[in-house]
Amino acid sequence: MINIGIIGYGYWGPNLVRNFAELSRAKVAAVADLDPKRLELVARRFPNVKTTTNWQDLIRDPKIDAIAIATPVNTHFELGMAVLKSGKHLWLEKPMTESASQAQKLVDEADKRKLVLHVDHTFIYTGAVRKMAELVRSGDLGRVYYYDSIRINLGLFQRDVNVISDLGVHDFAILDYILGEHPTAVSASGINHFPGTPENLAYITLFYESGTIAHINVSWLAPVKVRQILIGGSKKMISYDDLQPSEKVKVYDKGISFTDDPKQIHEMRVGYRTGDMWAPKLIGTEALKLEGEQFVDAIVNSKSTECDGRLGHRVVELIEAATSSMRGKGETVYVQNTRRKAS
Ligand SMILES: NC(=O)c1ccc[n+]([C@@H]2O[C@H](COP(=O)([O-])OP(=O)(O)OC[C@H]3O[C@@H](n4cnc5c(N)ncnc54)[C@H](O)[C@@H]3O)[C@@H](O)[C@H]2O)c1
């Protein structure tokens, strides 16, 4: 049985507590939040769970094996480092840290102490994203030409992070997981419509060595909520609409081919293929449950999760690169290939 402590019981923390409480091999031992009113909610719902306004109580508790941090990003590095230095395994909410150098320090500390460092990019554990990854990795889609994402709504304006860090982060993690490739360059444009606040709208383009191009539109200022991704491959294409109650992922047997008949080549003959469309069955397990099980399994068997600190670090690197490009009015920012370096 792995005893878990959770720091931060705001919007996301309750989802972690509920999911950890339901795992057969884990127990929620304690919850910390600066706000006593949030802790009253814990006590009412989970009367056996200890509560405290001092997060250090969790660090000092020898019975706690692992700590999950669901506080604002500007606290992640300090709290995460304290957790690792106390010899406990760490679950960190996305985005992992404010800077890539902080993320690298946490990865190094976890490596040094042989501790599990997991970053919660929940989308990676959804049935839809796992199915899309399966289709890409099996070669069913063929060569991936493009990834096109729209993630917009009248969103909660954040004070401490921009829209790339809040919403683009999901696409960066999904792309990393699906393609298994880190972009070589990033270009982004964006704007803050309200002086003194972080950028609320951005258009991000990622360039990959393999030839794949990805485009992501994120915004907190749209009249409608859209969560749509298209992935175009040389053999098939995918449409993923996360707001659909069912059949979120659709696979289209559509594409084009250019004739290789030398007599027709000067006419640029294009053949269009429009075959079947089908909606594959997706696993229905709640993403956080699957993710929690993988975290506990990694602790028990001394291995890493699919969403380890290295993936978290690569995502923060892209947030930094995209933000820097956006502030340079779309100038190209080259990204070092941390995936290759790490392996
Ligand atoms: N995985 C996901 O899909 C997902 C979804 C939403 C939020 N998040 C992430 O979860 C984290 C928290 O976001 P949120 O929306 O829940 O924020 P929130 O502001 O609603 O809650 C944060 C809570 O942390 C508490 N807190 C802050 N500093 C603390 C400290 N030093 N010790 C103890 N408690 C402290 C606050 O009192 C608050 O209750 C962020 O990193 C966010 O990006 C992830």
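At what angle do the axes of helix α6 and helix α7 cross?

## Basis

This is a predicted model, in which local features need pLDDT of at least 70, side-chain atom pairs count only at pLDDT 80 or more, and totals for chains, interfaces and linings use all residues. Residues are numbered from 1 along each chain as its sequence is written, and side-chain values use heavy atoms, with hydrogens and water left out.

## The α6/α7 crossing

The axes of α6 (residues 127-137) and α7 (residues 163-179) cross at roughly 35° and come within 8 Å. Axes are lines fitted to C-alpha atoms, for helices over the stretch in contact; angles run from 0 to 180 degrees between N-to-C directions. Helices (H or I, at least four residues) and strands (E, at least two) are DSSP runs, numbered from the N terminus.

From α6, Val129, Arg130, Met132, Ala133, Val136 and Arg137 make the contact. From α7 come Ile174, Tyr177 and Ile178. Contact means heavy atoms within 4.5 Å.

## Burial of α6

Eight of the eleven residues of α6 are buried, so α6 is largely enclosed by the rest of the structure. Buried means under 20% relative accessible area (1.4 Å probe, protein chains only). Among them are Gly127, Lys131 and Leu135. The buried residues pack against α7 and the strands β7 (144-152), β11 (226-233), β12 (237-241) and β13 (249-258).

Just after α6, glycine 139 has a positive phi of about 90°.

## Serine 239

Serine 239 lies in strand β12. Its relative accessibility is 16%, so serine 239 counts as buried. Beyond neighbours within four places in sequence, serine 239 contacts Ile229, Leu230, Lys248, Val249, Lys250 and Tyr252.

Technical notes. Buried means under 20% relative accessible area, exposed over 50%, partly exposed in between (1.4 Å probe, protein chains only).
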